[in-house]
Amino acid sequence: MIERGQCWTDEESDGENESEQFLYGIQGSCAADLYRHPQLDADIEAVKDIYTDSAVSVREYGTIDDVDIDLHINIGFLDEEVATAWKVIRTEPIILRLRFSLSQYLDGPEPSVEVFQPSNKEGFSLGLQLKKILSTFTSQQWKHLSNEFLKAQQEKRHSWFKAGGTIKKFRAGLSIFSPIPNYSCNSSESSF
């Protein structure tokens, strides 16, 4: 889990000059001081646990209370013919970028969506289609999401697995469907 004071940073390129590094240092220190919603941290960690650390990159913009979450979609599994038809570069991931409010997360404004391949600037119509699909989905779902709703859902899910929780009661209810144990009966022992 990411600790509250921890900063997310991407590696700096070797070609940056000193003034860019100075400005980046200011941005990094401001971001560490700004409140980051804990649910955002939990969701980023969940994605990393499922896919790997390299599947997600995060950039904070503390001065404007924004955070960019980049999801790196590996498309190396595509056949060369399909990649050519879709005009994508198989060796480069497609990046889905979502921009959230850093401190409000789900209670903030609807996230903006970008879809791109860094080296594929022209004719990336697949990216336009994916952006439209993701933007439509996000806008339809966003009105139903809130930090409190998600917290309540998680607590409800966790109660299933507590010692006296719902899963135990559910399994007990299912025991009526269990096969009746097969006891061997001798005619001399049975008395009805």
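Reader: Which residue in β3 is the bridge partner of H72?
Author: In β3, H72 has I95 as its bridge partner. Before going on: this is a predicted model, where local features need pLDDT of at least 70, side-chain atom pairs count only at pLDDT 80 or more, and totals for chains, interfaces and linings use all residues. Residues are numbered from 1 along each chain as its sequence is written, and side-chain values use heavy atoms, leaving out hydrogens and water.

Reader: What makes β2 and β3 a pair?
Author: Two strands pair if DSSP finds at least two bridges between them. β2 and β3 have eight bridges, in the antiparallel sense, so they pass the cut-off of at least two. β1 and β2 are also antiparallel, over six bridges, and one of the residues there, Y61, has D66 in β2 as its bridge partner. The hairpin of β1 and β2 has four residues between the strands, and D65 in that hairpin takes a positive phi near 55 degrees.

Reader: How many helices and strands does the protein have?
Author: Six helices and four strands. Helices (H or I, at least four residues) and strands (E, at least two) are DSSP runs, numbered from the N terminus. Along the sequence the pattern reads α-α-β-β-α-β-β-α-α-α.

Reader: Why is F100 called buried?
Author: Buried means under 20% relative accessible area, exposed means over 50%, and partly exposed is in between (1.4 Å probe, protein chains only). F100 has 10%, so it is buried. Y105, at 7%, is buried too. Across the 192 residues of the protein, 28% count as buried.

Reader: What makes F100 and Y105 an edge-to-face pair?
Author: Rings of Phe, Tyr and Trp (its six-membered ring) pair if their centres lie within 6.5 Å; planes under 30 degrees apart count as stacked, over 60 as edge-to-face and the rest as tilted. By this rule there are two aromatic pairs. For F100 and Y105, the ring centres are 5.2 Å apart and the planes sit at 65 degrees, so the pair is edge-to-face. Ring pairs also bring in W142, giving a cluster of F100, Y105 and W142.

Reader: Which residues does F100 contact, leaving aside its neighbours within four places in sequence?
Author: D65, D66, V67, I69, Y105, P111 and W142. Contact here means heavy atoms within 4.5 Å.

Reader: Which residues have the most contacts inside the largest nonpolar core?
Author: They are L40, V67, I69, V88 and F100, in a core of 24 residues. A nonpolar core is a set of buried Ala, Val, Leu, Ile, Met, Phe, Trp, Tyr and Cys residues joined through side-chain atoms within 4.5 Å. The elements that each supply at least two residues of this core include α2 (38–51), β2 (66–73) and α4 (125–142). β3 gives the largest share of this core, four residues.

Reader: Is R97 buried or exposed?
Author: R97 has 17% relative accessibility, so it counts as buried. R97 sits in strand β3.

Reader: What joins the side chains of R97 and D70?
Author: A polar contact of 2.7 Å. The term covers a pair of N or O atoms within 3.5 Å; within protein, one must be able to donate a hydrogen and the other to accept it, and residues adjacent in sequence count only if both atoms are side-chain atoms.
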